[in-house]
Amino acid sequence: MKIKSQRDFWSGLMFLVVGVAFAWGSTEYSFGTSARPGPGYFPFGLGILLALLGGLVLFKALTLESEGGDPIGDIAWRPLLIIVAAIAVFGVALPRLGLACTLPLLISLSALAGNEFRWRDVLISSVVLTVGSWALFILGLKLTIPLWPIYIVG
């Protein structure tokens, strides 16, 4: 069987593997019922949906001809490393700096991964996403996420 689109083949395979892994990993948690879902209910459903999507993309890559075969380009190492580092910094900084400082830091670092960095866009995104996250997670869902740095509240 010939791969007709390399890009679709590898992305479909990645979605399929990640979806199956999440669905399989979620079986360690209680499913609950449809009326009262447990912690494994939502990740299992998302894993199955992701695996199905991956299967469809994989099927397309093996059956539909694409012009030039959609070859895979070079790996964009700089954006990949910057985004991974920004997420790691977020995880380390959140308990110490709080949401109000850490989220703008995450957005600023992540914006460096792109080719077009504008401070105005970073500031607007930081304000909108920080206020939205505060409203959703702290006010709405009542999660115990620190809002301010520990040395201010402490």
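The largest nonpolar core here is a set of 8 residues: Ala86, Leu94, Leu99, Leu103, Leu106, Ile107, Val122 and Ile138. Helix 3, helix 4 and helix 5 each put in at least two residues, and helix 4 gives the most, with 4 residues. A nonpolar core, for the record, is a set of buried Ala, Val, Leu, Ile, Met, Phe, Trp, Tyr and Cys residues joined through side-chain atoms within 4.5 Å. Buried stands for under 20% relative accessible area, exposed for over 50%, and partly exposed for anything in between (1.4 Å probe, protein chains only). Helices are DSSP runs (H or I, at least four residues), numbered from the N terminus. In soluble globular proteins, nonpolar side chains tend to be buried together.

A word on the model itself: it is predicted, so local features need pLDDT of at least 70 and side-chain atom pairs count only at pLDDT 80 or more, while totals for chains, interfaces and linings use all residues. Residues are numbered from 1 along each chain as its sequence is written, and side-chain values use heavy atoms, with hydrogens and water left out.

Helix 4 covers residues 99-111, and its 13 residues should span 18 Å at 1.5 Å a residue; the C-alpha atoms at its ends are 18 Å apart, which agrees. The expected span is 1.5 Å times one less than the number of residues in the helix. Buried in helix 4 are Leu99, Ala100, Thr102, Leu103, Leu106, Ile107 and Ser108. So what do these buried residues pack against? Their partners are helix 3 (77-97) and helix 5 (119-140), with contact taken as heavy atoms within 4.5 Å. Ile107 shows this up close: setting aside neighbours within four places in sequence, Ile107 is in contact with Val122, Ser125, Ser126 and Leu129.

Helix 5 passes the length check too: its 22 residues should span 32 Å at 1.5 Å a residue, and its end C-alpha atoms are 30 Å apart, which agrees. Val122, Ser126, Thr130, Ser133 and Ile138 are the buried ones listed for helix 5, and the buried residues of this helix pack against helix 4. Between helix 4 and helix 5 there is a loop that holds Gly114, a partly exposed residue with a relative accessible area of 35%. The C-alpha atoms of Gly114 and Ile82 are separated by 9.6 Å, though the two residues are 32 apart along the chain.

Lys142 has a positive phi of about 60 degrees, although it is not a glycine. Most residues other than glycine have a negative phi. As for cover, Lys142 is exposed, with a relative accessible area of 63%.

Turning to charges, the structure holds 4 salt bridges, each a side-chain nitrogen of Lys or Arg within 4 Å of a carboxyl oxygen of Asp or Glu. Side chains of opposite charge can pair when their charged atoms come close. One of the bridges joins Lys60 and Asp8 at 2.5 Å, N to O. This pair ties together distant parts of the chain, with Lys60 in helix 2 and Asp8 in helix 1 (residues 6-26), 52 residues apart. Lys60 is partly exposed at 40% relative accessible area, whereas Asp8 is buried at 15%.

Elsewhere, Glu116, Arg118, Arg120 and Asp121 are linked in a network of salt bridges. Within it, Arg118 meets Asp121 at 2.8 Å, N to O, and Arg120 also bridges to Asp121, with the closest N and O atoms 3.5 Å apart. How open are these side chains? Arg118 counts as partly exposed at 43% relative accessibility, Asp121 is partly exposed with 27%, and Arg120 is exposed with 56%.

Finally, there is a nonpolar patch on the surface, formed by Phe42, Leu46, Ile48, Leu49 and Leu52, with about 520 Å² of accessible area together. Patches take residues with over 30% relative accessible area and no salt bridge, joining like charges within 9 Å and nonpolar side chains (Val, Leu, Ile, Met, Phe, Trp, Tyr) within 5 Å. The areas come from the Shrake-Rupley method with a 1.4 Å probe, and for residues only the protein chains shown count as cover. Leu46, one of the patch residues, sits in helix 2 (residues 41-63) and counts as partly exposed at 44% relative accessibility.
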